Amino acid sequence: MNAKSWFNLHSWAGLFVGVLLFVTCVSGTLATLSHELEYLTDAKYRALTSSASTNYPALENTLNKHYPQAQLLYIQRHKQDYLAIEAALKVGDSFRFVYLDAATGRLLGEGEWARISRFLRNWHMNLSMGWTGKLIVTSLSILLVILLVSSFYVYRRWWQGFMKKPAALSLGKRSSWSDWHKLLGLWSLWFIAVMAITGVWYLVEHGLQTAKVPHYVSSPPALSEFKKQSPRKGLSPISLAATYEAAQQAFPSLDIRYIRYPSKVDQPIEVRGYNDDILLRLRANRVYLNPSSGEVLGVQKGEELNLLPRIKDTADPLHFGNFAGIGTKLIWGVFGALMSFVSAAGIYMSWLRVKRKTTTGKWLGLSGVVAIGLVVASLLTTSLSFTERSVPNQVYSPILG
């Protein structure tokens, strides 16, 4: 391929669904910092201290005191210790989030399913369009790969451009936008590559899930045997504090961050956390417990994962930068903003190049019009649906109070 062919391919990939790619970049950048945005907007999301210790007996006492007759669905502490603990409760037939300070157990506030982080994650992950939306979003990774590879051929001697001073931005001057598009694109190459690689994995994973191809760790034998047993009626599930103690004894080095109670008596309590692993999400390390006795049914350690499960549990930390505190999240946020600008600048440059020769509709093409339609539809759908959260009819967890 000659230089012109590479340029045409680069332009086509950037404009094919350019608006959709831009919106996905923006929503992903905001989703990366969504919990920090909540932290800034409402005190209930803020822990009183940055203590890494979690006082489960105090948390349980607070829930018993303030929410009698409610049931705990799950409780989670984020990797960032400045964020409050979230306890998801079934209160009658409704769902409620309760926010607590991890070190003291103090009640900080409560809220519904709808919040900033939910809106942004729904919009970014699948445009709030379920299976089809996820396919659309993950397929954008193919365009990212095309844009990434073609950029090296479009921008000749690109390695000399890292320190090149760009012209001052002028609204109607295409060459100034081109300078900034190239400069910020060069400095964002590593980040775009990370997004492209993890995006391609999400596309592959979506296909594996659709085809129901096993690609994760099998259930421990004891857990499989437990599920086959007859339901044990009349037995009460163990308390939150007892669950924590049992899981900690089974996996002493586990930094427990998530405890989920089952909806049925023949399902386990699942405890998740972080170990001394690099680039693994919360679910990579788990302890499964018998909900009525606390007996350990299985332990999953991230360090023992095979290749595919390891990739599956590494993709999220790499994609969202949530693996080394606020520092990496801010770095991901900054480069996500740069990537969004590069995408927007590419679209704008194309418009400046052809605005005198054609109408807006012809410039966009059918794919561009469809992309804009998808963006508008997804925004409306997300706005209408992000408040929805179904509550299980039954929860096998202790009744508070």
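Residues are numbered from 1 along each chain as its sequence is written, and side-chain values use heavy atoms, without hydrogens or water. Because the model is predicted, local features need pLDDT of at least 70 and side-chain atom pairs count only at pLDDT 80 or more, while totals for chains, interfaces and linings use all residues.

An open sheet is formed by 8 strands. Their order is β4-β3-β2-β1-β5-β6-β7-β8, with antiparallel pairing. Strands (E, at least two residues) and helices (H or I, at least four) are DSSP runs, numbered from the N terminus. Two strands pair if DSSP finds at least two bridges between them. β4 (107-111) and β8 (296-300) stand at the edges. Each has a single partner strand, so one side of each is left without a neighbour in the sheet. From one strand to the next, the twist averages 20°.

β1 and β5 pair in the antiparallel sense over 3 bridges. Here Tyr74 has Arg260 of β5 as its bridge partner. β5 and β6 also run antiparallel, joined by 5 bridges. Tyr258 is partnered by Arg272 in β6. Arg272 in turn has Arg286 of β7 as a bridge partner. Between β6 (residues 269-274) and β7 (residues 285-289) there are 5 bridges, again antiparallel.

Helix α10 (residues 240-250) packs on this sheet. The helix touches β1 (71-76), β5 (255-260), β6, β7 and β8, contact meaning heavy atoms within 4.5 Å. The direction of α10 makes about 130° with that of β5. Axes are lines fitted to C-alpha atoms, for helices over the stretch in contact, and angles run from 0 to 180 degrees between N-to-C directions.

The whole structure holds 22 aromatic pairs. Rings of Phe, Tyr and Trp (its six-membered ring) pair if their centres lie within 6.5 Å; planes under 30 degrees apart count as stacked, over 60 as edge-to-face and the rest as tilted. The centres of the Phe97 and Trp113 rings are 5.8 Å apart and their planes lie at 15°, so this pair is stacked. Phe97 belongs to strand β3 (residues 94-100), whereas Trp113 sits in the loop between β4 and α5 (116-126). The two residues are 16 residues apart, and the pair links distant parts of the chain.
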